[in-house]
Amino acid sequence: MPDSHASRADGKPQPLTASAVLVNPVGLHARPSVKLTQCAKGFAATIEFALAQEGPWTDAKSPVKVMRVKAPQGATLYFRVVGPDGEAALAAVLALVHDGFGES
Amino acid sequence: MSQANPGNVGIVIVSHSPKIAEGAADMVRQMVGNAVPLAFTGGDVDGGLGTNVAGILAAIEAAWSPAGVAILVDLGGAETNSEMAVEMLPEDRRARVVVCNAPVVEGAVIAATESSGGSPLAAVKRSAEEFYA
């Protein structure tokens, strides 16, 4: 397992941030939550999201915590990512949200 | 997704009702996919509602993974019979099987989600048990 603070040369690693709107009709219910956590777990980076820019932040790798957010359709998900593969991680979770988690 | 070093933790579903066990397993397969060894058992030896140790042992065998097996149970007898089944396992396997204190359906989906990401047995159990936290 690589250390997650390796990406920036010195000081605190800057989190990468981006947001996306939940488009799938049922929001972040059980199945999308599972997909999001599975996607997040594929990366070493710390991946968190929130319904507001200032948080509170939820660990995107925890299926129970993700489901508890109960984010509805139309909600904006703010992501905060730190880690060596942070850029790829952020791109992957954003693509998932944009794609409606593969649901129509 | 299968960097199978020790592999993904196996999931066993034990319910008094064979239909619940099968249905919960269906949910896991559909929501989480096939990257996780999964087995289910339900009913007593006569096919009625209940659980039986032999069935649980067979399910553990079917879902076996070097990374271990997490068992999700419903009520009383399912838990005690599962614990009995674990005690009957060969010693080297016994320490790698845990019974989760979690709701059987939700716990199975969460445990499998955790497992599908390659998490170790302790993390799989902890995540399933977050439902009661």
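**Ground rules.** Residues are numbered from 1 along each chain as its sequence is written, and chains are lettered from A in the order in which they are written. In this predicted model, local features need pLDDT of at least 70, side-chain atom pairs count only at pLDDT 80 or more, and totals for chains, interfaces and linings use all residues.

**Confidence.** I looked up the scores next. pLDDT is the predictor's confidence in each residue, from 0 to 100. For chain B the mean pLDDT is 93, and 95% of its residues reach 70 or more. The complex gets an ipTM of 0.78 and a pTM of 0.84 from the predictor. I kept one caution: where pLDDT is low, the predicted coordinates should not be read in detail.

**Chain A.** I listed its elements (DSSP runs, numbered from the N terminus: helices are H or I with at least four residues, strands are E with at least two). I found 3 helices and 4 strands. Their order from the N terminus is β-α-β-β-α-β-α. Of the 104 residues in chain A, 36% are buried. Here buried means that 20 or more other C-beta atoms lie within 10 Å of the residue's own, exposed means 12 or fewer, and partly exposed is in between, with C-beta atoms placed from the backbone.

**Where the chains touch.** I counted contacts (C-beta atoms, placed from the backbone, within 7 Å). In chain A, 9 residues are in contact with 11 residues of chain B. Which elements of chain A give two or more residues to this side? They are helix H1 (30-41) and helix H2 (63-69). H1(A) gives the most, with 6 residues.

**Helix H1 of chain B.** I checked its length. H1(B) covers residues 18-32, which makes 15 residues. The expected span is 1.5 Å times one less than the number of residues. That gives 21 Å, and the end C-alpha atoms are 21 Å apart, so the two agree.

Then I looked at its sides. The buried residues of H1(B) are Ala21(B), Ala24(B), Ala25(B), Val28(B), Met31(B) and Val32(B). They sit on the same side of H1(B) because they cover an arc of only 140° around the axis (taken from the directions from the helix axis to the C-beta atoms). The face turned away carries the exposed residues Lys19(B), Asp26(B) and Gln30(B).

What covers the buried residues of H1(B)? The cover includes H1 of chain A. It also includes strand S1 (10-15), strand S2 (38-42) and helix H5 (104-116) of chain B. After H1(B) comes Gly33(B), with a positive phi near 105°.

Terms used:
Two residues are in contact if their C-beta atoms, placed from the backbone, lie within 7 Å.
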